[in-house]
Amino acid sequence: MNADTRGPVVPPFSVISGAQVQRALQGQEKQITELVEATYRWHGAGDSVNPPSYFLRFPDRPSSRIIALPASIGGQVRVDGLKWISSFPENVAAGIPRASAVLILNDHETGYPFAVLESSIISATRTAASAALAADRLSQGRSRPTRVGFFGVGLIARYIHTFLTGTGWTFDETHVFDLSADSAAGFRGYLEQSGTPGRVTVHDSAEALIRSSDLVVFATIAGEPHVHDVSWFDHNPLVLHVSLRDLAPEVLLASTNVVDDVEHCLKANTSPHLVEQRTGNRDFLAGTLDDVMAGRVTVPADRPVVFSPFGLGVLDLAVGKYVYDEIARLGELNVIEDFFHELKRYG
Ligand SMILES: NC(=O)c1ccc[n+]([C@@H]2O[C@H](COP(=O)([O-])OP(=O)(O)OC[C@H]3O[C@@H](n4cnc5c(N)ncnc54)[C@H](O)[C@@H]3O)[C@@H](O)[C@H]2O)c1
């Protein structure tokens with residue numbers, strides 16, 4: 001950025017609000033899903049740096065955490081940066097979202113941060129785009145699901161529903177299960193408001209939800225497995241295990257397992273990590289979504305398929321840079337004048 005004949009210069013620094021982010025991403029489900037697909041390919045080809053996420057936890061607030069996701073992505077995006085995202089589950093009872101986040105974008109050439117973006121929307125968007133992409137790619141060669149079930153229906157479930165419908169999915173039946181009756185009612189209200197076709201059923205049992213759905217989306221906040229019964233998956237559903245810790249090892253061992261990134265996903269006591277700890281190996285993993293997209297791995301039709309995406313910082317960067325470019329194109333960047341002020345070496 002900003003390289004001219006005198007060499008690199010300090011880029012202007014902007015702050016991008018959630019309202020701006022939302023406007024830039026509204027109705028862009030197809031474009032963002034394509035961008036996420038391209039980003040997985042660049043990452044799969046090694047054109048990225050994506051070190052392990054750092055989990056900041058607190059002895060006095062054990063259910064809460066703040067995660068740092070530093071990353072660098074090449075391809076056509078070429079940007080470095082950091083997502084800093086909090087999860088405070090008790091917020092929900094107070095009527096505010098569980099997750100809050102900022103994303104810092106750093107200039108590829110000078111390293112200077114050139115934007116800070118509200119990032120809970122970017123994070124939910126890249127998560128939902130990844131889920132919609134996985135639903136499409138992992139159902140190829142199998143019968144395409146017509147009955148979707150949402151297991152845990154907060155903000156992420158809503159975004160995934162928006163991305164599924166925004167990328168062409170329609171369902172004859174939509175099934176809902178949540179431990180909280182308020183959440184289930186809120187999600188049903190959203191489905192009605194958004195004009196979801198087909199029948200909507202709210203279940204009071206996890207088993208009924210899973211048995212009724214051939215595409216199951218887990219978006220709970222469970223810290224350890226609570227679904228153990230392998231027979232609930234006898235109909236070989238496609239499972240988007242976005243919340244990562246719902247399924248017991250025996251369920252994964254009876255399924256074809258696909259992840260976004262092997263090293264990332266086998267950490268932090270995710271269900272795949274528990275399987276590795278139990279079996280002492282990684283034989284239960286079929287490969288990554290990129291492996292499936294590239295045809296290196298084929299997904300069988302006669303077993304459940306479970307996609308466990310750890311959530312990669314490179315996706316946040318790609319979507320964040322898309323938002324930045326869009327706001328810049330519209331001439332709506334809020335530039336903070338003189339943000340970097342000490343620019344002469346000897347004053
Ligand atoms: N893998 C990724 O890339 C990625 C990215 C973003 C979020 N997430 C995960 O998605 C999950 C959902 O996030 P959110 O912002 O929608 O949270 P949220 O708090 O808004 O909603 C979670 C819902 O799950 C319900 N729930 C909790 N435990 C349950 C259980 N055992 N059975 C059924 N319902 C249950 C809650 O009542 C709530 O309605 C979180 O675990 C988050 O970490 C994953």
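A residue counts as buried if 20 or more other C-beta atoms lie within 10 Å of its own. That cut-off is used in the views below, which show a predicted model.

**View 1. Ser 130, a buried residue in helix H3.** Ser 130 lies in helix H3. Within 10 Å there are 27 other C-beta atoms, so Ser 130 is buried. Leaving out residues up to four places away in sequence, Ser 130 touches Val 36, Asp 260, Pro 309 and Leu 315. Gly 154 sits 24 residues from Ser 130 along the chain. The C-alpha atoms of these two residues are separated by 17 Å.

**View 2. The whole protein.** The protein has 11 helices and 16 strands. For 347 residues, a compact globule would have a radius of gyration near 20 Å. The protein has 21 Å, which agrees. Its C-alpha atoms fill a box of roughly 70 × 45 × 45 Å along the principal axes. Of the 347 residues, 40% are buried. Take the contacts with a separation of 6 or more: 71% of them join residues 24 or more positions apart.

**View 3. Helices H1 and H3 pack together.** Two packed helices are described by the angle between their axes and the distance between the axes. Helix H1 covers residues 18-25, and helix H3 covers residues 120-138. Their angle is about 30°, and their axes are 9 Å apart. H1 and H3 are therefore roughly parallel to each other. From H1, the contact uses Gly 18, Val 21, Gln 22 and Leu 25. From H3, Ile 121, Ile 122 and Thr 125 take part. By class, this contact has 4 nonpolar and 3 polar residues, with no charged ones.

**View 4. The shell around the ligand.** There are 30 residues around the ligand. Gly 152, Gly 154, Ile 156, Ser 183 and Gly 311 come nearest. H3 and helix H4 (155-166) each supply at least two residues of the shell. H4 gives the most, with 3 residues. The shell divides into 17 nonpolar, 11 polar and 2 charged residues.

**View 5. Two loop residues with positive phi.** Most residues other than glycine have a negative phi. Arg 78 is not a glycine, yet has a positive phi of about 45°. Arg 78 is found in the loop between strand S4 (65-73) and strand S5 (79-87). Arg 78 has 16 C-beta neighbours inside 10 Å, so this residue counts as partly exposed. Leu 244 also has a positive phi, near 70°. Leu 244 is placed in the loop between strand S12 (238-241) and helix H7 (249-253). With 21 C-beta neighbours inside 10 Å, Leu 244 counts as buried.

**View 6. His 235, an exposed loop residue.** His 235 is found in the loop between strand S11 (215-218) and S12. Inside 10 Å, His 235 has 12 C-beta neighbours, so this residue counts as exposed. Which residues does His 235 touch, not counting those up to four places away in sequence? They are Arg 211 and Asp 214. Ile 210 is 25 residues from His 235 in sequence. In space, the two are 9.4 Å apart, C-alpha to C-alpha.

Methods:
Residues are numbered from 1 along each chain as its sequence is written. This is a predicted model: local features need pLDDT of at least 70, side-chain atom pairs count only at pLDDT 80 or more; totals for chains, interfaces and linings use all residues. Helices (H or I, at least four residues) and strands (E, at least two) are DSSP runs, numbered from the N terminus. The radius of gyration is taken over C-alpha atoms; the globule rule is 2.2 Å times the number of residues to the power 0.38. Two residues are in contact if their C-beta atoms, placed from the backbone, lie within 7 Å. Axes are lines fitted to C-alpha atoms, for helices over the stretch in contact, and angles run from 0 to 180 degrees between N-to-C directions. Angles under 35 degrees count as roughly parallel, over 145 as roughly antiparallel, 65 to 115 as roughly perpendicular and the rest as oblique. Ala, Val, Leu, Ile, Met, Phe, Trp, Tyr, Cys and Pro count as nonpolar, Asp, Glu, Lys and Arg as charged, and the others, Gly among them, as polar. A residue is near a molecule or strand if its C-beta atom, placed from the backbone, lies within 6 Å of it.
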